[in-house]
Amino acid sequence: MDEWQQQHRRACGDIQKLKQRFGLDDGVDAVAGRYPVRISEYVLEQIADGDDLWGRQFLPSAAELNDAGAPCDPLAEERLSPLPGLVHRYRHRVLLLAAGSCFAYCRFCTRKRMVGCAQMAVSFGELMQALEYIAAHGEINEVIISGGDPLTLSNALLSELLQRLRRIPHVQIIRLGSRAPAVLPSRIDATLCALLARHQPLYFLTHFNHPAELAPAARQACAMLVDAGISVVNQTVLLRGVNDDSSVLGQLFHNLYCLRVRPYYLHQMDITRGTGHFRTTLEQGMEIMRQLQGELSGMAMPIYTVDLPGGHGKIPVTPQYVRRLGVDALLVNAAGIEVVYPQRNMET
Ligand SMILES: *Cc1c(COP(=O)(O)O)cnc(C)c1O
Ligand code: SF4
């Protein structure tokens, strides 16, 4: 077994240990029964106390059970899923949910309803069926490999998957999203970089939310990928109490840019059940973007996007797509479909 696999196995999912070490209240027992808890050793080492940026992102909180009124699948991924493990929302791109687990579970995850659950585990047979679907749909020119975290797959399986994708002539671009550089940087080693570099054009999508996540090991992971010739871009989730501050985000985006990692998206938190305590308003996100405009190099500016409820797709949060803000914001997608984005407190 590779060193990273051993580390992955040693990840902490023991709620009693976490309660003791970080003084979590008893409310988290029920949370752990509802949503899986898993924290990589690497992340565990970074948590100084439950209220720091690491603790808030990865330690379970009783607040996760407070917004039962919010939908479990706000993006209607299940309706847009022709086969298990595949989401086909845009004509030319598919999302391939190739892995059901992650190195550490982010408490704000959009797929909180299923990450780490048996329901999300993708069998080899299902993966092969997904590949057949992609092969049969000539309009698909890009496959986004996500999950869960696809780097939890063994190199052998990942290599097999990439090779099979590359045999489909109309698949031009492969994008692979992984949080490993932030939460288990040792996963990014020379073997993996060489494996990925054999399947160009391949974009590696990292997920960093705070400048402090760019620790030396994480920086090295990014550098290895870029040095292997792989384009690396980043997505960030706007998180109340973690990074909802223009100076924090400005530093993150600038530091990523220095690492040759291009900030791509800043995501508005989806209205996924169990994540209400992380949500900011659209107004706050727009104000942060306004403060960063001109301060940052244009190359370091991500697009602030919201994924519209109901599976209507992502749009930039700019006046062109915003009919009105406020409690029941009204947004419009590129096709002209108007969608309500509720901003009232969803606690019931
Ligand atoms: C976000 C997303 C994509 C990728 O969208 P881009 O705007 O190309 O980054 C594709 N499919 C689904 C289902 C998505 O949620
Ligand atoms: S790494 Fe991604 S898929 Fe996994 S829990 Fe975090 S946000 Fe969700």
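Arg93 places its charged end over the ring of Tyr90, at 4.5 Å from the ring centre. The model is a predicted one.

Across the whole structure, a search finds four aromatic pairs. In one of them, the ring centres of Trp4 and Phe103 are 6.2 Å apart and the planes stand at 85 degrees; pairs with planes over 60 degrees apart count as edge-to-face, so this pair is edge-to-face. Trp4 belongs to helix H1 (residues 3-9), while Phe103 is in the loop between strand E2 (93-97) and helix H6 (124-136), so the pair ties together parts that are 99 residues apart in sequence. Both Trp4 and Phe103 are buried.

Another aromatic pair is formed by Tyr264 and Tyr265, and it is stacked, with 3.9 Å from centre to centre and 20 degrees between the planes. Tyr264 has a relative accessibility of 26% and therefore counts as partly exposed. Tyr265 has a relative accessible area of 16%, so Tyr265 is buried.

Next comes the ligand site. Ligand 2 sits in the largest pocket. Around ligand 2 are Cys102, Tyr105, Cys106, Cys109, Gly148, Arg179 and His207. By class, this shell holds four nonpolar residues, two polar and one charged.

The peptide bond from Gly147 to Gly148 is cis, with omega near 20 degrees. Gly148 lies in the loop between strand E3 (142-146) and helix H7 (155-166). A cis peptide bond is also found from Gln200 to Pro201, where omega is near -5 degrees. Pro201 is in the loop between helix H9 (190-197) and strand E5 (202-207).

What remains is the matter of phi. Ala76 is not a glycine, yet its phi is positive, at about 55 degrees. This residue, Ala76, is located in the loop between helix H5 (53-58) and strand E1 (86-90). With 12% relative accessibility, Ala76 counts as buried. Arg260, also not a glycine, has a positive phi of about 70 degrees. Arg260 is in the loop between helix H11 (246-258) and strand E7 (261-267). Its relative accessible area is 45%, so Arg260 is partly exposed.

Terms used:
Residues are numbered from 1 along each chain as its sequence is written. Chains are lettered from A and ligands numbered from 1 in the order in which they are written. This is a predicted model: local features need pLDDT of at least 70, side-chain atom pairs count only at pLDDT 80 or more; totals for chains, interfaces and linings use all residues. Side-chain values use heavy atoms; hydrogens and water are left out. A residue is near a molecule or strand if one of its heavy atoms lies within 4 Å of it. On a 1 Å grid over the protein atoms alone, a cavity is a set of points where a 1.4 Å probe fits but cannot get out, and a pocket is an open set with protein on both sides within 12 Å along at least five of seven lines; lining residues have an atom within 4 Å of a point. A molecule sits in a cavity or pocket if more than half of its atoms lie within 2 Å of its grid points. Ala, Val, Leu, Ile, Met, Phe, Trp, Tyr, Cys and Pro count as nonpolar, Asp, Glu, Lys and Arg as charged, and the others, Gly among them, as polar. Rings of Phe, Tyr and Trp (its six-membered ring) pair if their centres lie within 6.5 Å; planes under 30 degrees apart count as stacked, over 60 as edge-to-face and the rest as tilted. Helices (H or I, at least four residues) and strands (E, at least two) are DSSP runs, numbered from the N terminus. Buried means under 20% relative accessible area, exposed over 50%, partly exposed in between (1.4 Å probe, protein chains only). A charge sits over a ring if NZ of Lys or CZ of Arg is within 6 Å of the ring centre and within 35 degrees of the ring normal.
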